[in-house]
Amino acid sequence: MINNYIKVALRNLIKQKFYSLINISGLAIGLSCIILISLYVHHELSYDKHHEHSGQIYRVGFHLKFGGKEDRYAVAPAPLAKALIEEIPEAVSSTRFRSWGSFLIKRDDPESESIKQDGVIWSDPSVFSVFDIPLIKGNEEKCLEDPNSVILSQSAARKYFNDEDPINQSLILNNFKTVKVTGIFEDIPDNSHFNFDVMLSMKGLEESKSEMWISNNFHTYFVMAEGSDPELVLDKISDMFRKFAGQQVKQIMGFTMEEFEQQGNKAYLFLQPLTSIHLESDLVAEISPNSDIKYVYIFSAIALFILILACVNFMNLSTARSADRSKEVGIRKVLGSYRIHLIRLFLSESILISLVGVVIAILLTQILLPSFNNLAGVEVHIPYTSLVFWTIILVGSITIGLMAGIYPAFFLSSYRPVAILSGTISKGSNSGLIRNILVIFQFSISIILIIGTIAVYNQLNYIQNKKLGFNKDQVIVIHDTYVIDKQLESFKNEMIKNPLIKSGTISGFLPVSNSNRNNTSFFKKGQSTADNSINLQQWRIDHDYISTLEMKIIKGRDFSRDFPSDSTGIIINEKAAEVLGWENPIGQEIQTFSNIQNVDSFDPNAVLTYRIIGVVENFHWKSLKENIGSLCMILEKSTGKTSFRFNSSDTKAVINALETNWKEIAADQPFQYSFLDDEFTIMYETDQKTGQLFSVFALLAIFIASLGLFALASFTAEKRIKEIGIRKVLGASVFSIIMMFSKDFGKLVLIAFLIASPIAWYVVKLWLEGFAYKAVPGIWIYIISGLISLVIAWFTVTYQSLKAAVSNPVNSLRDE
């Protein structure tokens, strides 16, 4: 019986080549999209789950509301990791990372040149008791015990030592620190929220020995004992923090934690499960950029929509072809077939189409995978050796076949043979309403995706063109200029003499990601109380910083070499002036403690006093997802980066001039540069990639919907061919016949637009809530989306209606 079902199904597929092609191609494209999205979603959900105790590992974060700012940090105080083990029984083991970005590294060899190495981190020796980072060479218990030890990833070891054994060999960091290689670890998987290649011993970092509970610089993790209640553990950690931090707040700031909180301030620790960090954490000082769980939801929804579209295509075409199959149903029933047999026959046909579609979809996915990985910024593969994967594919194929075929099977098998064979059954008209509803549903999804795509690009365009408070264009940034520290000023001055260069500034603090940041507490002179303190970003700049970045001083003046007293001057932004409550802050003085790194040597009378000389217009120094925060600038050295504004369209000439001068000063140091506008764009790289992926899948969804509409229009034209012939004989023009078809389908698209618009508005509104500064979509986005859908539908239908309209009426009416 099954063999007979398959033979009949194959016969029908071959007989109806056009409809079979539309069904299978639509299903294959849809399933390929679903497989790609499923691989992406699975990859995103798999982050950090390769660690044995991933379900018990937590990161400790810090929430601070103080001095006009409120932020959540991914870092915690230096002494916390040790205190967790000593004070919290449920903490089994703990470790810390101190992210350092990049170093210049070279072998301890006179002929070797420095290489810019990203992914450098300081780590406690206890890292292996928390995370599963397999060591290929070295001893887990000893490899990070020496303050001058370092362990390398396999990739880094190959980079510096090729095929040599790196163990016990030396590397020089930033031209001054020599470390010995004591271990090699496997490259960290890409589905990890941290990824580094060089791990230095935390024992060699003086900052790690600090006992300050009110300074936060360390990513702190611990393993919680199995069966422990995270909320109860957090309560214990909070009590411990309040005890130690409260003592230091009283000693340094002069007020208690209770007084601090009475002013509306907050300072507390919180826990983050390790496996939630990648998708649910977007904190200040993340160890690396994370994704967002909402994108997993969005793409999962798109996958579901595409699956529904492909199934709807099948249902639409099957019910539309019901008239062609009705006589077959009638004859089979007369010859003794039961309804259940017919249902099995039609379901077998739909499952066969689904299986063929899945095979083609897997081939298509393999072809598209490299481009998808590049676009999504991930590295996913089809798990051909996974039994689970093939089980899901097989069960999914059968399920899709059943979903797509169950309605047509019950619909077709319900025909009464007497009505069919006597010709009294209406040919396909009973299913017309259902087909119209399905077309409306398809185009509703398509319109939602079109509106979503336009809204995403509208927001990204807004970000790129928004007035930022500084000019990011035509600024080249030279990296790691601290290596020529003593000659840096002369390098800058020499380059400014070049006619290609307009101005230059030395500062590692730039209003883009991957730049220096430093939070400092200030207070009005002589008033170090909770209600007079303000938390500011403190940037160290030179005299030419504001002019080079073309920021605007709105009150007072810029730093000037003509005023030696500017060494104790300070420039604040509008937001800081607002928080301080001074309408005209020029001449006012603010203070900060000179050194609070060590509580034992802290002197409450050792303060630095700054006089406000200027107010700079607010500028965006964080992502536009966040509000502008309070900020100040002081004249102090920060030699990490040197930026030059150039006034030439010949970018290559500018780069060559800078590199030539650099090589004359530091021939053995790498010349590394970037452009400020590119670094600004990188801040929104995740949103851009998401927008591109969204666009691709939206286009494919629209294409699948159009395939179904094309086939349906073809069927409609075929069934109305005699009506068209009569109309032509009676004088109807080709244009009027085309409009007749277009009007019918146009009504469906209009209804779909009215349904889709409010849904799309709500979805876009939810997405934009993630941005502090946003371009609210105007009505034009909805109008354009509706017109695009209408045009797509019109072109899809027009081809078939034109083909029917220009046919010779003699051919369609010769049998009448």
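Student: Where does G746 sit in this predicted model?

Tutor: G746 is placed in helix 22, residues 734-768.

Student: Why is G746 called buried?

Tutor: Its relative accessibility is 17%. Buried means under 20%. The value for G746 falls under that cut-off, so G746 counts as buried.

Student: Which residue is 47 residues from G746 along the chain, with its C-alpha 7.4 Å away?

Tutor: That residue is A793.

Student: E90 is a glutamate. Where is it, and is it buried or exposed?

Tutor: E90 lies in the loop between helix 3 (80-87) and strand 4 (91-99). Its relative accessible area is 18%. The cut-off for buried is under 20%, so E90 is buried.

Student: What makes the pairing of E90 with K236 a polar contact?

Tutor: The two side chains make this contact at 2.7 Å. A polar contact needs N or O atoms within 3.5 Å, one able to donate a hydrogen and the other to accept it. The distance of 2.7 Å meets that limit, and the pair is listed as a polar contact.

Student: What else is E90 in contact with, leaving aside neighbours within four places in sequence?

Tutor: Besides K236, the partners are V223, M224, A225, S228 and V233.

Student: Why is A285 called partly exposed?

Tutor: A285 has 38% relative accessibility. Partly exposed lies between the buried limit of 20% and the exposed limit of 50%. A285 belongs to the loop between helix 8 (277-280) and helix 9.

Student: What is the phi of Q474, and where does Q474 lie?

Tutor: Q474 is not a glycine, yet its phi is positive, about 55 degrees. It lies in the loop between helix 14 and strand 15 (475-479).

Student: How do you know whether Q474 is buried, partly exposed or exposed?

Tutor: Q474 has 37% relative accessibility. That is between 20% and 50%, so Q474 counts as partly exposed.

Student: Which residues touch the most other members of the largest nonpolar core?

Tutor: That core has 109 residues, and the ones in question are F372, W539, Y545, M551, F619, M633 and F697. Helix 14 (residues 432-465) gives the most to this core, with 14 residues.

Student: What does Y545 touch, not counting residues up to four places away in sequence?

Tutor: Y545 touches T505, S507, F509, L510, P511, W539, M551 and M633. A second, separate core has 33 residues, including I88, F222, I237 and L269.

Student: What is the volume of the second largest pocket, and what lines it?

Tutor: The volume is about 700 Å³. There are 26 lining residues, and I35, S38, L39, F389 and I392 are the closest to the centre. Helix 2 (17-45), helix 9 (293-320) and helix 12 (387-413) are the elements that give two or more residues to the lining. Helix 2 gives the most, with nine.

Student: How does the lining of this pocket divide by residue type?

Tutor: It has 17 nonpolar residues, eight polar and one charged.

Conventions. Residues numbered from 1 in each chain as written. Predicted model: local features only at pLDDT ≥ 70, side-chain atom pairs only at ≥ 80, totals over all residues. Heavy atoms only, no water. Core = buried A, V, L, I, M, F, W, Y, C linked by side-chain atoms within 4.5 Å. Buried < 20%, exposed > 50% of the residue type's maximum accessible area, 1.4 Å probe, protein only. Helix = DSSP H or I, 4+ residues; strand = E, 2+ residues; numbered from the N terminus. Contact = heavy atoms within 4.5 Å. 1 Å grid on protein atoms, 1.4 Å probe; cavity = no way out; pocket = protein on both sides within 12 Å on 5 of 7 lines; lining within 4 Å. Points joined across faces, edges and corners; volume = space filled by probe spheres on them. Nonpolar A, V, L, I, M, F, W, Y, C, P; charged D, E, K, R; others polar.
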